[in-house]
Amino acid sequence: MARSLSGEVAIVGVGETPVGKVPGKSALWFNAEATRVALRDAGLDKSQVDGLLTGTSFVAPFHRMSVAVSEYLGIQPTFSNTLEVSGATAAASIGLAAAAIHSGLAEAVVVCCGDNMLSGMTRDRAVQALVSSRDPQYEAPFGLLVPTTFALTAQRHMHEYGTTPEQLAQVAVTMREHARRAPGAQMTAPITVADVLASKMVTTPYHVLDCSLVSDGGVAFVLTSAERARDFRTKPVYVLGAGESYSQEHIFCAESLTTTGARISSERAYRMAGLRPADMDVAGIYDCFTGTVVTMVEDLGFCAKGEGGPFVAAGEITFGGRIPTNTHGGLLSYAHPGIPGGFFHIAEVVRQLRGEAHGRQVAGARLGLVHSLGGGFATNATIVLGTERNG
Amino acid sequence: MSGAKPLPPVDDDTRAWWEGLHRGVLLLQHCRACGSVQVYQRAMCGCCLGGDLEHREASGEGTIYSFSTVYRPPSAEFKDDVPYTVVLVELSEGPRMLSTLVDMAPDAVRIGQRVQIVYDRVTEAITLPRFRPLASSATTP
Ligand SMILES: [Zn+2]
């Protein structure tokens, strides 16, 4: 057996701020408030925190975001970093926190992320910030919107496998149905496949309702060793597996637009956990666009390559289906404050595994997967979580 | 027009590419050591890290690998251009590059269509590569 952190570290606290439009707050506040709530949930005093990881903010100007957050909280950690692997930051930061704890770099690590893209910057500036994330020589001069980067992958999936706009739209409809069960979700008005297809086209094949939200929000976790986790009042959720993959930066350098680094990251996470896709009871999958989920259910092993469209259309990603996914409504309907968006998938899977997802609980959920990704599948990170140390 | 669009900040790695485009030539980097052909231009071969790279004139032809027609502009500068179609072109020499289509209605665009480079002189110093349907354009699967 290879050296591994599997089962050695647990999530013992989770906290969230309100999401949606939360005006008047700073990006730092969303980080700090979520952390305050997570520490209270864990029953841990801030003096016990010696590590802090966060993600970048589009709004806040800090060059040392993790240090700005710890200062706000009056914490002086001895392990700190701001991860910058775009959407994959969420799952990647849990893997890194677990590695830090398992290796002895830290005892108790806060992983938090917050931003206020909706209230803190205009929509135009938010979009502009995303545009400027593309290569200034080979991509940006052509007006490459981030949604267009993902749209290129969806268009190719439709070409290779016959995936339809209706199947893509079903993902948005399912996420909306889930959000209706999640208190505080940003978007809860019911929608139909016809509504999605009738909404304004952004970048083919994506309509407005195929695209994720712009939100404010923050979320935080407390992690510590499995030994120490026994002393906490919360039900520990163990990190059983973690894997990452970084396959390219430029979309034109991607070997494939339809088979992604998610296959590698998830295989690594499953292998570390000693588990298979069929073992998972619940999932959080980065749903920045509807088609992203279609490709991911394939690459994460929940269905065969090319069958993602029929899989989501058959109700396999909702309650009673093969793998209930984003039971909080995801980036499409719960909230998407930028980099923090993927952290809410982790919070939801933790709640499912604790049995605290009231009104949307997947009965008996013991094992869950969270997959985060970014940049047109440039970055991929997967974690496997469970209620028992040995999976 | 509504403001200046982003222009490529040319550097030592990429100067040959942009100078080539400005005089109407698409140059691809070929590695003399391993034979790899690359986009984008680098000071070393992305395959073998060798530094013996040669710029060779490309055919300027390729096929549409994927595309997306943009209806909501990414920023005000692109407002007058919508709808425009972003394409990933697979060049005949192998590598793919990103561009936009000209002379083609959005509804007519298909993956697999043959396209040909067009040199779009956007400033005194910069020419952007665009693509249009190849004359006698045949679709390959
Ligand atoms: Zn080489």
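A crossing of two helices is left-handed if the near helix is turned anticlockwise from the far one by less than a right angle, and right-handed if clockwise. Keep that in mind for the first stop. You are looking at a predicted model, where local features need pLDDT of at least 70, side-chain atom pairs count only at pLDDT 80 or more, and totals for chains, interfaces and linings use all residues. Residues are numbered from 1 along each chain as its sequence is written, chains are lettered from A and ligands numbered from 1 in the order in which they are written, and side-chain values use heavy atoms, with hydrogens and water left out.

**Stop 1: two helices**

Select residues 27-42 of chain A, helix H1, and residues 65-72 of chain A, helix H2. Helices (H or I, at least four residues) and strands (E, at least two) are DSSP runs, numbered from the N terminus. The axes of H1(A) and H2(A) are 9 Å apart and meet at an angle of about 60 degrees. That makes H1(A) oblique to H2(A); angles under 35 degrees count as roughly parallel, over 145 as roughly antiparallel, 65 to 115 as roughly perpendicular and the rest as oblique. Their crossing is right-handed.

**Stop 2: the sheet**

Now show the strands of chain A. Nine of them form an open, mixed sheet in the order E3-E2-E4-E7-E1-E8-E11-E10-E9. E3 (79-83) and E9 (282-285) of chain A stand at the edges with a single partner strand each, so one side of each has no neighbour in the sheet. Two strands pair if DSSP finds at least two bridges between them.

Click A:Ile285 to find its bridge partner in E10(A), A:His371.

Next, select E8 (residues 237-246) of chain A, where eight of the 10 residues are buried (under 20% relative accessible area; exposed is over 50%, partly exposed in between, with a 1.4 Å probe and protein chains only). E8(A) is antiparallel to E11 (residues 379-386) of chain A, with eight bridges; A:Ser245 stands opposite A:Asn380 there. E8(A) also pairs with E1 (residues 9-16) of chain A in the antiparallel sense, over two bridges, and A:Ala10 has A:Tyr238 as its bridge partner.

**Stop 3: the zinc ion**

Which protein donors does the zinc ion have? Select B:Cys31, B:Cys34, B:Cys45 and B:Cys48: their SG atoms lie 2.3 to 2.4 Å from the zinc ion. Donors are N, O and S atoms within 2.8 Å of the metal (3.2 Å for Na, K and Ca). Finally, compare two of these residues: B:Cys45 is buried at 1% relative accessibility, while B:Cys48 is partly exposed at 36%.

How values were computed: Axes fitted to C-alpha atoms, helices over the stretch in contact; angles between N-to-C directions.
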